[in-house]
Amino acid sequence: MLSKRIIPCLDVRDGRLTKGIKFKGNVDIGDPVEIAAQYYRDGADEIVFYDITASHEKRNIMIETVRKVAERIFIPFSVGGGIRTFDDMREVLLAGAEKVSVNSAAVRNPKIISEGAAAFGRQCIVLGMDVKKVSVSDKIPSGYEIVIDGGRQFTGLDALEWAKMGQTLGAGEICLNSIDADGTKEGYELKLNRLISSNVNIPVIASGGAGTPEHIFEVLKDDKADATLIASMTHYGSYTIKEIKTYLSTRGVKVRMNW
Amino acid sequence: MIAIIDYNAGNLTSVKRAMDYLGKDSIITADYSEIISADRIVFPGVGAAGRAMADLKKRKLDRAIVEAFNDKKPILGICLGTQVIMETSEENNTECLGIIKGRVAMFAAESSGMKVPHMGWNSVILKRKHPLFQGVEQGSEFYFVHSYYPVPEDPDKVLGETDYIARFASFLASGNLAAMQFHPEKSGEPGLKILANFSKWDGRDYVE
């Protein structure tokens, strides 16, 4: 049986983590390569790097980071943030990432999904969706709207329609981030995850809101998600990956326990 | 020297990086004579079967693989490489290399209601021992990402099976050829162990 995946997400700016990360009993480290290696040893199933480097000129720093990570960890990892063009995708994949995630760029230019899938295979292309709850309308029948540029810009796109379209265009996976739940540590947006996951047949990664292992359990049970993105829960030593997986396992969720 | 066959099929560099990490000499090559003279061969790949076979034929690498197999050279098939060694694939109705008898089928996504591709970590139930799995802990999981799977005719060629939608053959072996549907180069320590075992395997199908 397929295991549910636990995926730490690291925010990187100019080749450094935006905040230092401190595992249980460890000193603060800002190097994404070291942190990725530590998560690899600790049993992460996959790692996501989110590049928030503001200037496009500094992109090569991220590529260098990707190259170094690929020499050290032997599990899949993906890179999102700042992927605007087909060439950006290509560069990241050639440097050793398994997948690329496109978000705002895909809303502006949906063709980037199909071009990427045709060239690299759909398993390489993750559609990142930032979603906000809005009132139900003719335009937004699901009551969830796609926002871009870090949540500042509403797009008029219905989240469910966009998820289906992304799948049709060739996305191999969806990373579903609830802007409302993000940072609250009060749990994932369960209704949103159920809605999207039950209407597409590609894997869905739940993102935004995780504060406790129980939150992760809630979103993984009944196939509301195939994987979860976590950040602060493990970054600052509150939990280890092993503690989270042990908890899930005792509650009947299949996760990878040997690594 | 380990030859990693280059036929335009996706992420070849990840196998190379894993070999570098293990301190094993390897080259990514599409050169017939380089492949024929290598000590062992890795046949990796992600992508579609139709295009893969076309690329192999264009570069005459289909012959190189079959010759190396007949020559008793250790060969490791990974993911698409594992599918292409079968006789035919439902993907693009492709005629493949035919080193192992049988076909490649697509997961029945619609009738099962399950998601396709099969993406993520899953375990391999070993039916019998093999040198490549020596030292790999029982219950270890491996990283899969695929929509098609091999269906060998001869059950003796199936050494490991995995449950997804139905139980399918995830690890095949035939003499000096070992082939896996998962990605050992992306499967953490158990995967690296398989690659390390392969790099010293003499191509014989026994366990000491």
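Residues 24 or more positions apart supply 63% of the chain A contacts whose separation is 6 or more. A contact here means two C-beta atoms, placed from the backbone, within 7 Å. The model is predicted: local features need pLDDT of at least 70, side-chain atom pairs count only at pLDDT 80 or more, and totals for chains, interfaces and linings use all residues. Residues are numbered from 1 along each chain as its sequence is written, while chains are lettered from A and ligands numbered from 1 in the order in which they are written.

Chain A holds ten helices and eleven strands. Its radius of gyration is 17 Å, close to the 18 Å that the globule rule gives for 259 residues, so chain A is as compact as a globular protein of that length. That radius is taken over C-alpha atoms, and the rule is 2.2 Å times the number of residues to the power 0.38. Along the principal axes, the C-alpha atoms of chain A fill a box of roughly 50 × 45 × 35 Å. Of the 259 residues, 52% count as buried. Buried means 20 or more other C-beta atoms within 10 Å of the residue's own, with C-beta atoms placed from the backbone.

Chain B has an open sheet of eight strands, ordered E2-E1-E3-E4-E14-E13-E12-E9, with mixed pairing. Strands are DSSP runs of E, at least two residues long; helices are runs of H or I, at least four; both are numbered from the N terminus. Two strands pair if DSSP finds at least two bridges between them. E2 (26-29) and E9 of chain B stand at the edges with a single partner strand each, so one side of each lacks a neighbour in the sheet.

| Strand pair | Bridges | Example bridge |
|---|---|---|
| E9(B) and E12(B) | two | Ile125(B) with Glu161(B) |
| E12(B) and E13(B) | six | Gly160(B) with Phe171(B) |
| E13(B) and E14(B) | four | Ser174(B) with Leu177(B) |

E12(B) is mostly covered, with five of its seven residues buried. One residue lies between the strands in the hairpin of E12(B) and E13(B), where Ile165(B) takes a positive phi near 65°.

The two chains touch. Chain B gives 31 residues to the contact and chain A gives 24 residues. On the chain B side, the elements giving two or more residues are H1 (13-21), E8 (118-123), E10 (141-146), E12 (158-164) and H7 (188-198). That side divides into twelve nonpolar, eleven polar and eight charged residues. Nonpolar covers Ala, Val, Leu, Ile, Met, Phe, Trp, Tyr, Cys and Pro; charged covers Asp, Glu, Lys and Arg; the others, Gly among them, are polar.

Technical notes:
Buried ≥ 20, exposed ≤ 12 C-beta atoms within 10 Å, placed from the backbone.
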